[in-house]
Amino acid sequence: MIAFALMLSGAQAQAQSTSLRKLNTENEAKAWQSVGRLDNARGAYCTGTLIAPDLVLTAAHCVYHREAGTLVAPADLMFQAGLTHGTPAARRVVAQIEAHTGYDPKRGYDLENVRYDLALVRLEAPIPSHELDPFAVFAGQLPNGPVSVVSYGRGRSDQLSRQNECQVLARLERVVALDCDVIFGSSGAPVFTHLNGRGQIAAVISGGGTYAGHEVAFAMILPALVADLKRQMRANKPRPKAKVRRLGVGSNKSSTGAKFVTAKGS
């Protein structure tokens, strides 16, 4: 558990936070179905959010093997968007993983790692926007005032849950403490600001700790980190696999053809 330093500027919010509530039906969950469960082949899961038809934002520690500190193989991750009572709105295998280079999986859970605890995964096939509308990343710093969180978690792993209102308690550089209700599985959950209509993702949940003697959730501010991850993803995007095409010479079916290597899809 991380404890915020006493010198941190911030005060207990005066507004009242609401309780976490399960979204029990597809209709209740519909507006939030671009939030999904990110499962790995070993049975663990986190929360993730579509920010583009083929991009999911989550916490960096969710894409590492905890014991070895190595990245999970992309094919061992599955994104189940809007999973409700075992039925997803869409399901996709992951094709590429990029964890922020500032995150050190071997250092453990501390404030420095929370600052960079962010990852972007690219799906093997996009989820069309007419099926699920991705959420935008808020362009500014996390504003004062209430936020909301949509997540999965232990005891509610097969359905979305939403806390309509929780409070920003304190901030230190790019780390914020919130009184949002989180548990195992909530890592990677989006923290929404609702200043401009539809919610925009202002932060992502990393984990829990203490502040002023109270249990809190820790999250990181996003814009610069997301920009870094998108650059990493473009730079490291796997090249198309080569395939062999045979061009036969002559009309004899038994003749040996010349081999040409071409990019997949050409």
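A disulfide is taken here as a pair of cysteine sulfur atoms within 2.5 Å. Applied to this predicted model, that rule gives a count of 2 disulfides. When the bonded cysteines of the protein chain are numbered in sequence order, they pair as 1-2, 3-4.

We can begin with the bond between C46 and C62, where the S to S distance is 2.1 Å. As for their surroundings, the cut-off for a buried residue is under 20% relative accessible area. C46, at 10% relative accessibility, therefore counts as buried, and C62 counts as buried at 9%.

The other bond joins C166 to C180, again with an S to S distance of 2.1 Å. Here too the pair links distant parts of the chain, its cysteines lying 14 residues apart. C166 is found in strand β10 (residues 156–172), and its partner C180 is placed in the loop between β11 (175–178) and β12 (190–193). The link of C166 and C180 is right-handed, with 75° about the S-S bond. Both of these cysteines, C166 and C180, are buried.

Notes: Residues numbered from 1 in each chain as written. Predicted model: local features only at pLDDT ≥ 70, side-chain atom pairs only at ≥ 80, totals over all residues. Heavy atoms only, no water. Buried < 20%, exposed > 50% of the residue type's maximum accessible area, 1.4 Å probe, protein only. Helix = DSSP H or I, 4+ residues; strand = E, 2+ residues; numbered from the N terminus.
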